[in-house]
Amino acid sequence: MASEARLYTFSPETQEKLRKFRLGTSRAKDPQAVIYQIDKHSLEIAQADSDNYTSMQELADELPDHSPRFILLSYPLNLQSGRLSVPYVLVYYLPVTCSTEVRMLYAGAKELMRNTAEVGKVIEIAEAEELEAIEEKLGGAS
């Protein structure tokens, strides 16, 4: 991870947003998601917009067709035991139509984003529509 930490950067403001999102969503009753992107010139990883998404459909609609994104997702689930679980995961959105250059840019930053955001699991998706079935992928992520 040392080389990624030198290549990609997080501003102090972004690091604080990551921390607040992680702590603020741990007891959420509704899904919470934020989108992060990499600036190709500065290689800074930052929040793509100021929105906090609670609908997987709205989130899917916001994802670009030809560019990867990192999505931090806190998704409340009722387990079979009846207990509430709120997995905190990184959704790595990598559309098949994106260029090799951008694909490599995001692949190199994935572990750094995972560690900096302190998520428990990374889920890779290739199409925005896969977000609508995210609950199935989270089933074993308690």
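Colleague: In which part of the chain is S11 found?
Modeller: S11 is in the loop between α1 (2-7) and α2. This is a predicted model.

Colleague: How do I read burial here: is S11 buried or exposed?
Modeller: Compare the relative accessible area with a cut-off: buried means under 20%. S11 has 19%, so it counts as buried.

Colleague: With which side chain does S11 make a polar contact?
Modeller: The side chain of S11 is joined to that of T14 by a polar contact of 3.0 Å.

Colleague: And what of E58: where in the structure is it found?
Modeller: E58 belongs to helix α3, which covers residues 56-62. E58 has a relative accessible area of 48%, so it is partly exposed.

Colleague: How far apart are E58 and S85, in sequence and in space?
Modeller: In sequence E58 and S85 are 27 residues apart, and from C-alpha to C-alpha they are 23 Å apart in space.

Colleague: Now the sheet. How many strands does it have, and in what order?
Modeller: Read the order from one side of the sheet to the other. It is an open sheet of 5 strands, in the order β2-β1-β3-β6-β7, and the pairing is mixed. β2 (45-47) and β7 (121-125) are the edge strands, each pairing on one side only. On average, neighbouring strands are turned by 30° against each other, direction ignored.

Colleague: In what sense do β1 and β3 pair?
Modeller: β1 and β3 pair in the antiparallel sense, over 5 bridges. Across this pairing, Y36 stands opposite F70 in β3, and A33 stands opposite L73 in β3.

Colleague: How many bridges join β1 to β2?
Modeller: There are 3 bridges, and β1 and β2 run antiparallel. Y36 has Q47 as its bridge partner in β2. The hairpin of β1 and β2 has 6 residues between the strands, and in this hairpin L43 takes a positive phi near 60°.

Colleague: How many residues of β1 are buried?
Modeller: 6 of its 7 residues are buried, so β1 is largely enclosed by the rest of the structure.

Colleague: How should I think about a nonpolar core, and which residues have the most contacts inside the largest one?
Modeller: In soluble globular proteins, nonpolar side chains tend to be buried together. In this structure the largest nonpolar core has 25 residues, and Y8, Y36, I38, I45, F70, L72 and M113 have the most contacts inside it. At least two residues of this core come from each of α2 (12-24), β1 (32-38), β3 (69-74), β6 (88-93) and α4 (100-117). The most is given by α4, with 7 residues.

Colleague: Take M113 as a case. With which residues is it in contact?
Modeller: Leave aside its neighbours within four places in sequence; then M113 is in contact with F10, L18, Y36, I45, F70, L72 and L90. Another core lies apart from the largest one; this other core has 20 residues, including I71, Y75, A128 and L131.

Colleague: Last, aromatic pairs. How many are there?
Modeller: The count comes to 3 aromatic pairs. To name the geometry, look at the angle between the ring planes: under 30 degrees is stacked, over 60 is edge-to-face, and the rest is tilted. The planes of F21 and Y88 are at 45°, with ring centres 6.2 Å apart, so this pair is tilted. It links distant parts of the chain, since F21 is in helix α2 and Y88 in strand β6, 67 residues apart. F21 is buried, at 8% relative accessible area, and Y88 also counts as buried, at 12%.

Colleague: What are the distance and the angle for the pair of F70 and Y92?
Modeller: F70 and Y92 are 5.7 Å apart, centre to centre, with 25° between the planes, and the pair is stacked. F70 lies in strand β3 and Y92 in strand β6, so the pair ties together parts that are 22 residues apart in sequence. Both F70 and Y92 are buried.

Colleague: Which residues form one aromatic cluster?
Modeller: F70, Y92 and Y106 form one aromatic cluster.

Notes:
Residues numbered from 1 in each chain as written. Predicted model: local features only at pLDDT ≥ 70, side-chain atom pairs only at ≥ 80, totals over all residues. Heavy atoms only, no water. Core = buried A, V, L, I, M, F, W, Y, C linked by side-chain atoms within 4.5 Å. Buried < 20%, exposed > 50% of the residue type's maximum accessible area, 1.4 Å probe, protein only. Helix = DSSP H or I, 4+ residues; strand = E, 2+ residues; numbered from the N terminus. Contact = heavy atoms within 4.5 Å. Polar contact = N/O pair within 3.5 Å; in protein donor to acceptor, adjacent residues only side chain to side chain. Pairing = 2+ DSSP bridges. Axes fitted to C-alpha atoms, helices over the stretch in contact; angles between N-to-C directions. Phe/Tyr/Trp six-rings, centres within 6.5 Å; stacked < 30°, edge-to-face > 60°.
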